[in-house]
Each structure stands twice: as C-alpha cells, then as structure tokens.
Amino acid sequence: MNELRIGGEQYRELHDHLFQLDRDEHGALLLAGQHARADGGFTLTVREVHLLSAKDFPPGVHGYRQLSAAALARLGNRAADQNLALVTAHSHPGSGARTGLSGDDLSAHERIFPHLLDITGAKAVGGVAFGEHSAAGEVWSPNAGRKPLDSVRIVGPNVEILTDGAATTDPSTEQRFDRQVRLFGAAGQARLRRQHVGVIGAGGGGSILVEQLAHLGVGQITVIDYDVVRTHNLSRIIGATDRDARRRTKKIVVAARAIRRVDPSITVNAVDGDIADAACAARLLECDHLFLATDTATARLVANAIAQTFLIPLTQIGAKVDTRLSGEIEQIYTAVRPVLPRRGCLACAGLIDPQQLQRESATPEERQNQNYLGTPDVIDPSVTTLNAAAASGALNVYLMGLIGQADDNLADHRLTLTREGTSLATRVPTKSDCRWCGTHELSRFGRAELALLPCRPATAPVRRDSRFRRLLGRQ
Amino acid sequence: MRIGTLSPELSRAVDDLEDAFPGRLAIESQDATGLVVRLHSVALAERWSARVGELWFVVPYNYPDAPVYPYYVVGVVLSGGAVPALQTVVWRGMTAVQVSLRQTAWDPSRDTVVGCVMQTTSWLRRT
C-alpha cells in the first residue's frame, strides 16, 4: 500500500492554492518523510508544502502545464539535503470526487521521476493529481518500481481519505453492527473494520479502550504494555480476574483475551514491552490512530514524537485526583487530549515534564540516591469510572473524526471536572521552535524516521551518523 | 570506547562538550540510560580533600528532552559539615559525592548540557 499523509492545516493551504477561482491547473511540490511499510509500500508524510508560482508551473511543451526545471532542481536538492522524498502535486479542476492521472501526467512521470530519484537519493518519489475531493497518483522507488498511490490521508479533526474514486467500498452487512451502522453508515462501518489502532498501556484506561474498540468493530488492534496484573489492579482492568492477579498475567494477555471474547475475527497484536524501546515503538508506525493510556512522561514523549514525526493522530487520556497536603481533594478531572500534526502537541502544551523524564531514564539506584530527602512515593487514586469517562470521551473524538462529523473544536484538549460537571477546552498554541512539531530545520515533524524517535539506544554498537551531524550544522 | 547509535542531539552534546572542555572529556560507557561521561581536572573549593577532581554525569538517551542530573564527584571526599545538594552515595560501584544541582525550568529547545556542566563546575570551584 502506498499512502501520502498530510496535516489538515497544510492540506487546506495546498487545496486553496490548487483550486483557485480561475479554475486553472496549479501545482506544488511536497517534501515528505518516507516510511517503508512492511507490505513493501510507502507512507509519505508531508513535511513541507511549496506552492508553485505561474513561473514555476508554466504552460507545457508536452502537456497543458509542466514543472519548471528550476523548481525541480531547487527542491530536489533540498529533498536530498533533508533526506526527504519529493512529491509533485497538481490539480484537475472540475474532477470532483473522481480523478485519475492523464496520459500527459504519466508521461511526465516517466521523463522526470528517474532523474528525481537520482537527484534526491530518496527511497521514493511520488506524483499526485488532486480533484476537489479525490486524488490519484504514483509512487516510484528503485526497489519496488512504479506503483499506484492508493490514497491521500488528510489528518485533521476529521481524517479524510482521498482516493481516485474508482474503488467501491465493501459495506458491512454484519448484523452485530446494525445499530452502529445507523450512525456511521455502511461505509463508515467498513472503514472502522479497515482501521488499525494502537493502544499504549493496557491498564485501567487501556483495557477499556481495547474492549470498546473491539465492540466498535475495529479490524486490527496493537496493544503495548510490559506490566502484569496485580490484586490492586482488579478494580479497574476490564476482564482481569483474581486468577490473573495470582498468576501475574501480563496485562496485554488480558487485553487480547477481552478483544477476542468480543470479536474473534479482530487481529490482535499484543506487544510485551515498553514504547521507550525502538522495537516496540516500531510496531505502532503503521497504525491509523494511537491512544495513549499510561502515566509516564517517557510514554508521552515517544507517543507524541510518533504522532508528529509520522503524522499519526494520537489521543492521550488520563484521569486525575489532585489532593492538597492536608489530604483534602482539590480537583477531580478526566483529560482527553487529541494530538494532530502541528496541533495539540504534548510538548508545546507543557505536558512532558523534563524532570520526570530524567527520573524515568535513571537506574533504580540512581532514583533512590536522587530522592535524598526520603520523600515517599505518592500512589495516585485511580477509579474505573473516571478511566471509563476519559476512554469513552477519547473514542468519541476518534469516531467523530473517522466519520467526518468532528467540529474543529473537538480537536482541542479537554478537561472535564467530575464534581462540577463542566469542561475546559484548550487550544494549544504551537511553538515554532518545538522539537517535534516546529517549523525549523531540525524539527522532527513529518520526517518519518524511526531513528529520530526519542527511544532507548539499540544494543548493537553502530557508528555516529554523519548525516545527523550535517543536519545539525557540524561537518 | 566504541559507542552505539546516537541521536543527533546526543551526538551534538558530545561534540559541544569536547569543544568546551578540550582534552578533558571521556565517554566511559553507553547503556540504556544514556552516555556516562567523565570530565577530569575539575577545580574544587577548599572543603574538598583535593583541589582537583573528576566530575561524572549521565547524558540521558532522551536528552535534551530530559536534562542532565545529577553530577558525581569521584575520587575525593568532603571535609567539614554537611552542604545542601551534596551527598555521599555509591554510584555504579564507585563511592562518589552526588551533586544535586538541577535546572528546574529546563527547556529542551534552549538549555544545553554544556551550560549545565559549566554552571556545576563553577559552583564546585566556589563551594
């Protein structure tokens, strides 16, 4: 499968340029991260959108319009310097929900793409023709050759999938989803079935998420956790039993069991590990959506990094009881925090505590030494109803985005005060110097490289990477 | 030592430390926590048993999202009374004085390990 992913804001900018009042064709060049998928295809993640002026998209010799050699050289070299793929984009005004590459488009690819692969040294190059509500294209790579682009995914509050409009969907007729289909539509239910959702953490929040995802009819679920069930977990891990606590059953085993109990046809990937390890993080890179249901700063850091680097929407959930030193309850709230490309970034929101990260990265001996004041560990309250409120809230945000019903405000971070019954929504301001979603040269946004995630080092000794040094200005 | 794959930021941290402390830096090891770094010929104040010591610290694998903290002075002992932020500990098999100086408002996009180590060495020279 080959897919182009683009953030909602970037797509709006691109769309407005491609479809102007003059109803003429317009062009753009996209610089994108390039993730080689397990199925042999590519996910291209748009990092930079370069809108082409009339000078750089003039009337063509071979077709109606053509990309200027100057623009291709300029941005081809930039793609090479940045280790990004170059994707050409142009519009087919008036084609609406169905479009295709013309003979001229295909000929242009044949003339240009071998040279672009050579100039950029990239794993792939691509070309896309956009209709107002459709897209068709190709991805060329030295290894896989010339393949069609299956879809363009617009990752905003609503996740929109553009295709050439030729393929028919496979509407679900399963009786079990009859009541849902009345909301989602058959196509919506079929889309749920094609979803691959990642859940980080299979504890109080994660266990509710996976069970509800199974009931909804999601086709594939990857759940990651390294922990085991203990007696004090039994009040809130859905599906966990006394026997699990006695046997110290892995939480992922309980999660997988709960999913299969609901729907044995769901593909379950139960990953016994820590998202801080690159091998575990790698299991999430082909997911359509991620849910974060752990309370460590390390998991927040890595999940947020995946969301911004690979343009995968993420929803972080939490439930918190704040108490004063006297023990008096100050506040009870649940949190649902959507993270989209350049929107809702957990780092920009100040939700990744550097000091907590440091403590979590230290050895147990170091943590003990650092606690020289002898402060006892605080065990936070945790209640299943609070977890359920956060999990259901997050799933509703996900569902509304999936079926195209999300209002723009739904992508704001939201705290719900349990005692007061009120909600506080926050639009997180994006920081231009953010290491994850920022617009500067060194930000990880859209680079789609596993090696750029803040994961623990691999055990095998390798070299220091000279390209990183070049990117950082050190020759 | 031979070191494993470094993130660009860790790689730059090592370069910057080498530039800031030429000929005085050694990467002792790399493990799941990060890079263990030794800085020698660090000037110490009078309360220490010698006027020069070694400063060790870990640059976390997820630096600069996580800051460098704490530091360890190895091979010398403290004399006189207790000093806030200094405790004798056993660290990675060595007896060391832990220096618990923390940049509380750490900003990953602004703060650097070099700045922190310089502040710490300056503090050790005075304290």
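The model shown here is predicted. Pro364(A) sits in helix 11 of chain A, which covers residues 364-370. Thr430(A) is 66 residues away from Pro364(A) along the chain, and 35 Å separate their C-alpha atoms.

Now step back to chain A as a whole. Its domain assignment gives domain 1, residues 3-162, and domain 2, residues 175-452. The centres of domain 1 and domain 2 of chain A, taken over C-alpha atoms, are 33 Å apart. Where the domains of chain A touch, 20 residues of domain 1 are in contact with 20 residues of domain 2. Several elements of chain A each supply at least two residues to the domain 1 side: strand 1 (3-7), helix 1 (8-18), strand 2 (27-36), strand 3 (42-51) and strand 9 (159-162). By class, that side of domain 1 has six nonpolar, nine polar and five charged residues.

Next comes helix 5 of chain A, residues 204-216. Its 13 residues reach 19 Å from first C-alpha to last, close to the 18 Å expected at 1.5 Å a residue. Ten of the 13 residues are buried, so helix 5 of chain A is largely enclosed by the rest of the structure. Among the buried residues are Gly204(A), Gly205(A) and Gly206(A), along with Ile208(A), Leu209(A) and Val210(A). Gly217(A) follows helix 5 of chain A and has a positive phi, near 100°.

Further along chain A, two helices meet. Helix 9 (residues 297-310) and helix 10 (residues 354-361) of chain A have axes that come within 8 Å and cross at roughly 105°. Helix 9 and helix 10 of chain A are therefore roughly perpendicular to each other. Helix 9 of chain A brings Ala297(A), Thr298(A) and Leu301(A) to the contact, and helix 10 of chain A brings Gln356(A), Leu357(A) and Glu360(A). By class, this contact has three nonpolar, two polar and one charged residues.

Two loops beside these helices deserve a look. Leu311(A) lies in the loop between helix 9 and strand 14 (314-323) of chain A. Its phi is positive, near 55°, and Leu311(A) is not a glycine. Leu311(A) counts as buried because 29 C-beta neighbours lie inside 10 Å. Arg342(A) is in the loop between strand 15 (329-339) and helix 10 of chain A. Arg342(A) is not a glycine either, yet has a positive phi of about 55°. With 23 C-beta neighbours inside 10 Å, Arg342(A) also counts as buried.

Turn to chain B. Helix 1 of chain B, residues 8-20, has 13 residues and should span 18 Å at 1.5 Å a residue; its end C-alpha atoms are 18 Å apart, which agrees. Its buried residues include Pro8(B), Leu10(B), Ala13(B) and Leu17(B). Helix 1 of chain B packs against helix 2 (residues 113-126) of chain B at about 40°, with the axes 9 Å apart. That angle makes the two helices of chain B oblique. Ala13(B), Asp16(B), Leu17(B) and Ala20(B) of helix 1 make the contact with Val113(B), Val114(B), Val117(B) and Met118(B) of helix 2. By class, the contact has seven nonpolar, no polar and one charged residues.

Chain B also has cis peptide bonds. One runs from Tyr63(B) to Pro64(B), with omega near 5°. Another joins Tyr69(B) and Pro70(B), with omega about -15°. Pro64(B) is in the loop between strand 3 (52-60) and strand 4 (71-74) of chain B. Pro70(B) lies in the loop between strand 3 and strand 4 of chain B too.

Technical notes
Residues numbered from 1 in each chain as written. Chains lettered and ligands numbered in written order. Predicted model: local features only at pLDDT ≥ 70, side-chain atom pairs only at ≥ 80, totals over all residues. Domains from an automatic or database assignment. Contact = placed C-beta atoms within 7 Å. Helix = DSSP H or I, 4+ residues; strand = E, 2+ residues; numbered from the N terminus. Nonpolar A, V, L, I, M, F, W, Y, C, P; charged D, E, K, R; others polar. Expected span 1.5 Å × (residues − 1). Buried ≥ 20, exposed ≤ 12 C-beta atoms within 10 Å, placed from the backbone. Axes fitted to C-alpha atoms, helices over the stretch in contact; angles between N-to-C directions. Parallel < 35°, antiparallel > 145°, perpendicular 65-115°, else oblique.
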